Amino acid sequence: GAAQAQTTARTAFVHLFEWKWTDVAKECETYLGPKGFAAVQVSPPNEHHWVTSGDGAPYPWWMRYQPVSYHLDRSRSGTRAEFQDMVNRCNAAGVGIYVDAVINHMSGGNGGTSSAGRSWSHHNYPGLYGSQDFHQPVCSITNYGDANNVQNCELSGLQDLNTGSSYVRAKIADYLVDLASMGVKGFRVDAAKHISPGDLGAIIDNVNSRTGANKPFWFLEVIGAAGEAVQPSQYFALGNSQVTVTEFSYGKELYGKFAGGGKLADLQSFGPSWNLMPSSKAVAFVDNHDKQRGHGGGGGYVTYHHGSTYDLANIFMLAWPYGYPALMSSYGFNRSSSYDTSYGPPHYSDGATKGPWDGNPSSPACFDPSVGGWVCEHRWRGIGNMVAFRNATVDNWFVSDWWSNGNNQIAFGRGDKGFVVINKEGNALTRSFKTSLPAGQYCDVISGDFNNGTCTGSIVTVDAGGYAMMSAPANGAAAVHVGARIGDQ
Ligand code: LM2
Ligand code: CA
């Protein structure tokens, strides 16, 4: 019932890439809150470079990663007032807002006009930064074997802030404290790998000390690669060891098993023994906005372009006890063209985002993978419903009753809280599985939804011995958990 929904932990979040603030608010109220999502990662909310010509123009998504100031009036996603309204409404729905904080650098190039219509030029952001606030002499990142080069030179020509300066640190901290005071619950630190742990730790400590009981959740974007001078583990102790770090190997390894020629049966030992960071430090994800379009280098990832395989990889992630999962929610783009991978979200001719809720009062326009559409992977039934599975099973942080056919059919439980079957083969799988669930009737939340005690999908009966007959279609899954039991409200 309602009381139970309020007390259940929220254990997964979604990146609503390039959504506008008014739409995020509606999504929190109509879907994310009721489905048990913990938070939304939003695109950078600050004033940014406005790109009208060149790669992916007009209005490529990547212009959001070129800050011009920390004003929230305005980014492509909306105004400060709209941002505040979104934060309030999402918080009221039980869903936090995580801000993508671009603090390593400002814009690239020699000048231009911002999303708020103001001018900037090289090393000159009026009222905020001047040449003394950037690393000088200017150098380019060319040597990942040298931490000084990676952290104090320019990433892709983006003007690199002198994060060693107390003035720069204070300006960044003021921005983040302002957001926290508006009710923002956490920060993704963009390009954290390119800020030294000492500099970033000082900024985090400053923000934490000024936000008291509302201390934000931090996850730092540090892409680990063997042999490099900068490693994720160098950041683990920041913020009194409370920070987490993006685990890029997680999605890369899943790609290997779900799409890269390996097999699901190999996943039985998936976790730190695969050279992943400790679970408690990790934000886990199948793909992200960079990896789905091949930005940032290194390896394949499963994306919505893989269709049902993407469902299965996310169902696995949400069922598997490792890390804090981040779901990706996309707009359609053509992966085979590097030009298309730079396209921004669906928009009107003036560049204003045409959001999925535009002109749709009761539900968003989703599930359109073509260019100009919104994909909304977080609303794919199996993916969205597995968030409640993760919430219901979080106290059983272990895998039980593992089964596989030695190939691409696997099943496992989470003790007495849940059980999942994943079938990445061309034939349906129907079998009696040994579970550790209490006897009863459960809703298969992959074939249907569980609402107010009733199930629109298959009903699974667990007998007194824990055995359950379950069916997963070809390239499909089945999942049951104690939060979706027939007769329970
Ligand atoms: C990130 N994490 O560390 C973001 O996740 C990633 O999306 C950002 O790159 C990057 N770091 C910087 O914040 C994206 C995009 C780049 C793009 C930058 C800046 O992947 O291609 O670079 O945003 O907009 C663009 C051009 C690039 C140009 C640069 C500077 O694509 O060709 O380099 O601007 O003008 C000369
Ligand atoms: Ca830097």
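Two residues are taken to be in contact if their C-beta atoms, placed from the backbone, lie within 7 Å. The model described here is predicted. Two packed helices are described by the angle between their axes and the distance between the axes.

| Helix pair | Residues | Angle | Axis distance |
|---|---|---|---|
| H5 and H6 | 166-181 and 197-211 | about 40° | 9 Å |
| H9 and H10 | 308-319 and 381-393 | roughly 10° | within 9 Å |

**H5 and H6**

Helices H5 and H6 pack at an angle of about 40°. That angle makes H5 oblique to H6. The crossing of H5 past H6 is right-handed. On the H5 side, the contact is formed by Arg169, Ile172, Ala173, Leu176, Val177 and Ala180, which meet Ala202, Ile203, Asn206, Val207, Arg210 and Thr211 of H6. By type, the residues of this contact are 8 nonpolar, 2 polar and 2 charged.

**H9 and H10**

The axes of H9 and H10 cross at roughly 10°, and the two helices are therefore roughly parallel to each other. H9 contributes Asp311, Asn314, Ile315, Leu318 and Ala319 to the contact, while H10 contributes Gly382, Ile383, Met386, Val387, Phe389 and Arg390. The residues of the contact of H9 with H10 comprise 7 nonpolar, 2 polar and 2 charged.

In soluble globular proteins, nonpolar side chains tend to be buried together. The largest nonpolar core in this model has 141 residues, and the members touching the most others are Val40, Ile315 and Ala479. H9 supplies the largest share of this core, 8 residues. Leaving aside residues up to four places away in sequence, Ala479 touches Ile315, Ala319, Met386, Phe389, Gly418, Val420, Asp444, Val445 and Ile446. Among these partners, Ile315 and Ala319 belong to the H9 side of the contact with H10, and Met386 and Phe389 to the H10 side.

Technical notes: Residues are numbered from 1 along each chain as its sequence is written. Chains are lettered from A and ligands numbered from 1 in the order in which they are written. This is a predicted model: local features need pLDDT of at least 70, side-chain atom pairs count only at pLDDT 80 or more; totals for chains, interfaces and linings use all residues. Axes are lines fitted to C-alpha atoms, for helices over the stretch in contact, and angles run from 0 to 180 degrees between N-to-C directions. Helices (H or I, at least four residues) and strands (E, at least two) are DSSP runs, numbered from the N terminus. Angles under 35 degrees count as roughly parallel, over 145 as roughly antiparallel, 65 to 115 as roughly perpendicular and the rest as oblique. A crossing is left-handed if the near helix is turned anticlockwise from the far one by less than a right angle, and right-handed if clockwise. Ala, Val, Leu, Ile, Met, Phe, Trp, Tyr, Cys and Pro count as nonpolar, Asp, Glu, Lys and Arg as charged, and the others, Gly among them, as polar. A nonpolar core is a set of buried Ala, Val, Leu, Ile, Met, Phe, Trp, Tyr and Cys residues joined through C-beta atoms within 7 Å. A residue is buried if 20 or more other C-beta atoms lie within 10 Å of its own, exposed if 12 or fewer, and partly exposed in between; C-beta atoms are placed from the backbone.
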